[in-house]
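Hi everyone, thanks for making time this morning. I'd like to walk you through a structure, so let me put it up on the screen.

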Amino acid sequence: MRTSKKIVLALMVLVVAVGTAFGQTKQFKIGVTLYDRDQFISSLEQAIFEAAKAYPNVVVDSQDAKQDVNQQIAQVDVFATKKYDAIIVNLINTDTVETIISRAKGIPVIFVNRRPRDSAIDGIKTAYVGSQEFDAGRMQGEYLSKFFKGKTELRYVLFMGQLGLENTLERTRGVKETLTKAGFKLTKVYEDTAEWDRFKAMNQMQQLLGTGKPFDVVICNNDEMALGVIEAMKALKMDLKKIPVVGIDATPPAKEAVKAGDMAMTVFQNAKAQGKVALEFALKAAQGQKIEKFGWVPFEPVTLENISKY
Amino acid sequence: MEQPILEMKNIVRTFPGVKALSNVDFTLKKGSVHALMGENGAGKSTLMKCLVGINPPDSGQIILKGKPVVIPNPLIALKSGIAMIYQELNPVLERSVMENIWLGREPMRGKRGVFVDHKAMYENTKTLLADLKLDLDPKQKVKELSVAKMQMIEIAKAISFNADIVIMDEPTSALTNNEVDHLFLMIERLRKRNVSVIYITHKMDEIFRVADEVTVLRDGANVITKPVSEMNINSLITAMVGRELTDMFPKVDCPIGDVRMEVKHLEVPGLVHDVSFDLRRGEILGVSGLVGAGRTEMMEAIFGLRQKSSGEIYIEGQKKNIHTPVDAIKCHIGFLTEDRRQTGIIPVLTVKNNTIIASLGNYTKAKFFLDRRKINKTCSEYKDMLNIRTPSLEAIIQNLSGGNQQKVLVARWLLTNSDILILDEPTRGIDVGAKAEIHSIITKLASEGKSIIMVSSEMPEVIGMSDRVLVVCQGRITAVLDRKDLDQETIMRYATSINNHTA
Amino acid sequence: MRNENVLGRFVNKYAIFFILIVMILALSLLSPYFLTGQNLINVLITESGRGILALGVAFAIMSKGIDLSVGSVVSLVSVIVASMVQESSYTARIFPNMPYVPALVAILVGLVAGTLVGVINGSLIAYTGIPPFIATLGTQIIARGIALIITNAYPVPMLRQDFKQIGQGNIGPIPNVVIVFAAIALIAYILLNHTKFGKNVYAIGGNVNAARTSGIKVEKNVVAIYAFSAFCASLAGVLITARAASGIATLGNGYETDAIAAATIGGTSHAGGIGTVPGILAGILILGILNNGLLLLGISPYLQQVIKGVIIIVAVVFDMRKNAKRR
């Protein structure tokens, strides 16, 4: 009786000891705060969870700030209070970056997808993982340069994302600069924001088409707007082979549209890779290892030729 | 003769479509109390709004202390020494007495101070209140005060501006008798300080108590200005109405029929206790009692607007369950509520919609669409029958006078085929002409066999109109008096007889 | 003098329609594209969704309430209906095992689900006594959440042609959506002016105590008002989804503001009891023509916002003059 009790006790101590040892030395808690859950961000989030599965001692706690800056800061506060090991932040507003870093109270912060000011990150406790937004626009420009080879003037229609955001500005700059460098004279037929929104782009396109103004190309800052434009053009039975519509993001319906020949090209922003790299950066920083200031995940152009890969 | 403090000459003011004032003259003597009378819409308020700059006159001259002045807004009026105390007071309830008095011109610390000097404010207020013999704590929150006290604060505020003209717009409409006495004492004090008071009122008796002079306006014109001592009630009414009112209470004795409604042991916790009475065909049953005696609550319980804890209502001998106004209307009961603005009219809607709203169900085609022709026909019939004075059935009801609004509400209830009409203070806030008209409508309805319950705080009305009177005191019926036994003293005795339950 | 007054009052009374006409005249001069049949039809197509929404919301406003949930109802109905009519060939369907559902059935399910939100709104307001602002704010958030849960924030694209046809087709020269919009406007007009329900809406908004005393079943009417508002939103959700050819969980975000703005510009009073269908239509068209005009003129998107704000304020200030003179 006595011995068996001892054995039980010894076993219990052992279990507890091993348990705490594992817990203390190896358990990593990573907090994630997202600007909102749209399709892209949702798959980025999924990728973080997927990547974390490879490490049995990593726990990921993911929160959605619903486009509310204050809520995002509050979420960072909670992570800091609970002494998480690293925080992955998908910024709502790039102006809050200093606040977020200071509220993290020394915990490493990895920004993902929405790029903070370069001066705010140090490559030790803070870093940025994302794609070069300029490149997405550049790829649209390169595709269009080939498409319109031999032409000198391009009459364009441009639908921009939310005004004032970095990706709106950079994507727009990328495509315009690339086309200008390739020797095209750009003539604006219409240029406005549709706030990333399919239905808004569709309504604006429809009204523009009603005027009968001629144009050669429709450039969109994202796929949703491109799909809206395509709906409006299809309603008038316009030839989408002659007037290319280009988007960015390579969402599933956009890929379907590329397959069907409705959308000339889109640019694949690798959400999965961004999520994965962000998690790896977070883990490294949490362990005090050196990280880079930037983790660049390249964009990839998607056209009818290579659509099967995606 | 001393120069008048204020002269208004040839004042004209038009509103779109209406000439509200046409060539009105008004003269105010220094240190006198001048009553301004007239029916609703006669132009009293408009004239005063011209004086204080809310609606400056289109033409005419204002001479203040011998000098012609232009008063474009109320602030200039105040600075010139003219203060108006409105019928509906608008104090900042959550703030203290002193903060209300000095609102917007708080004493500051230092010469160009940013911080309010609360100590100075307190001292100034104390002096001011003591001066007017008002026993009030400057730091008390205004919301804890009665309406009468709020009025006193307004008066104190006026004095703090060194006003030498104070305008009071129906100041006694929400006061008890005691409070009225106190107000008159205050007016007396103002007069002694050589302040002139313009006193707007409907109530005849008040004029003879406080005023030195009286001006009567009718249809936007000055009818008469005379010392009060040269006037009497009849000459005042004649001046206001423009004709002689032979009979204020046109009561016609008509045969009273069988019992139509019986109320038994009605109980509303804390408000109405064991009330039983009956009501007959063709009868006008007056309900008298002090304010707060539970008369309105009793009627609301009968009509299903207020939950009763026990009690039964029988109509034509049958027991009826009335829990909501819908049930009551099905039993052919109509209820003209006490507060016309709060629970009666729908201010922004037309006369027609206000008339028809309780009986729409009777005016549908295919149970869904409204029969507009039938509605128009009925509404104009009732408009003629009740002599509702309105530019058209499409006029917005809030632009009508109180008396005409009341007539629209009577029409509303007649249209529901009410056999029993509960009228709660049917002539409150209505001018004399319309009052007599409402009385004759009531009499006519009774003679057609309707049963009327008339709750009224006006003793002459109760005595003049009722076949029987229930006297209510503290939620109980203390007496049921027959017409032959009605007099003011008896009613008062029962209305205050707390321990004498006869019913 | 007198004539001038009459004219002035007439202009004041119909100020909002004059503003609309002035805008139309101004834009006709500024842009050759404006006054073409195709462009005007495009404006109507674009505004039909918001217009249907505004007509419904106006009922809530006229009853001295507000309905903040309509935008979310649009989103919710959008994803519910869309998820039932995705092409079976599309691999990333929301419900991979969804059998073939006739478009009409899907629409019906969407309308019922959306209207249910309104019934809940109305019941909360009528029977618990919480303010409409709070009740509909709550359901706004809940409905938005459900839409996101259903779709995981993914759009619901690749909709069947028979469903899209409803939003994209025409009857004669007139697009279906415009016909539905006109029908709802007519229904709203008849409800307000020719039925007991409409009079009750005005009465409840104008003075709820008087309405209750007059034997109006206030609670039941309030439920009906919010159900109607949500029904309109659901219908708008179906039409917009069919036109956009995709269900989107965030489709209606912010629509409530536009709808309330249109109703308010059209003279619907937040103090209750006042509002007309022609006024609301004018409000919708003012917003629509403004957007269209700025688009046609190619004005910088930054400047557009400023111009929009200014014109909205000016329009309402003009319209308010009719009330200012009274009392």
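**A walk through chain A, then a contact**

Let me start with one pair of strands: strand 5 of chain A, residues 126-130, runs parallel to strand 11 of chain A, and 3 bridges join them. Within that pairing, A:Gly130 stands opposite A:Trp296 in strand 11 of chain A. Please keep in mind that what you see is a predicted model.

Now, what is the order of the strands in the open sheet of chain A? Reading across, the order is 2-1-3-4-5-11, so you have 6 strands, with parallel pairing. Strand 2 (58-64) and strand 11 (294-296) of chain A are the edge strands, each pairing on one side only. On average, neighbouring strands of this sheet are turned by 20° against each other, ignoring direction. As a quick reminder, strands of a sheet pair through backbone hydrogen bonds, either parallel or antiparallel.

Next, look for helix 3 of chain A, residues 69-81. Helix 3 lies across strand 1 (28-34), strand 2 and strand 3 (86-89) of chain A, and runs at about 175° to strand 1.

Stepping back, chain A has 10 helices and 12 strands. Of its 310 residues, 50% are buried.

Last stop: where chain B meets chain C. Chain B brings 25 residues to this contact and chain C brings 20 residues. On the chain B side, helix 10 (325-330), helix 11 (340-344) and strand 18 (369-370) each supply at least two residues. That side divides into 17 nonpolar, 7 polar and 1 charged.

Thanks, and I'm happy to take questions!

Definitions and conventions. Residues are numbered from 1 along each chain as its sequence is written. Chains are lettered from A and ligands numbered from 1 in the order in which they are written. This is a predicted model: local features need pLDDT of at least 70, side-chain atom pairs count only at pLDDT 80 or more; totals for chains, interfaces and linings use all residues. Two residues are in contact if their C-beta atoms, placed from the backbone, lie within 7 Å. Helices (H or I, at least four residues) and strands (E, at least two) are DSSP runs, numbered from the N terminus. Ala, Val, Leu, Ile, Met, Phe, Trp, Tyr, Cys and Pro count as nonpolar, Asp, Glu, Lys and Arg as charged, and the others, Gly among them, as polar. Two strands pair if DSSP finds at least two bridges between them. Axes are lines fitted to C-alpha atoms, for helices over the stretch in contact, and angles run from 0 to 180 degrees between N-to-C directions. A residue is buried if 20 or more other C-beta atoms lie within 10 Å of its own, exposed if 12 or fewer, and partly exposed in between; C-beta atoms are placed from the backbone.
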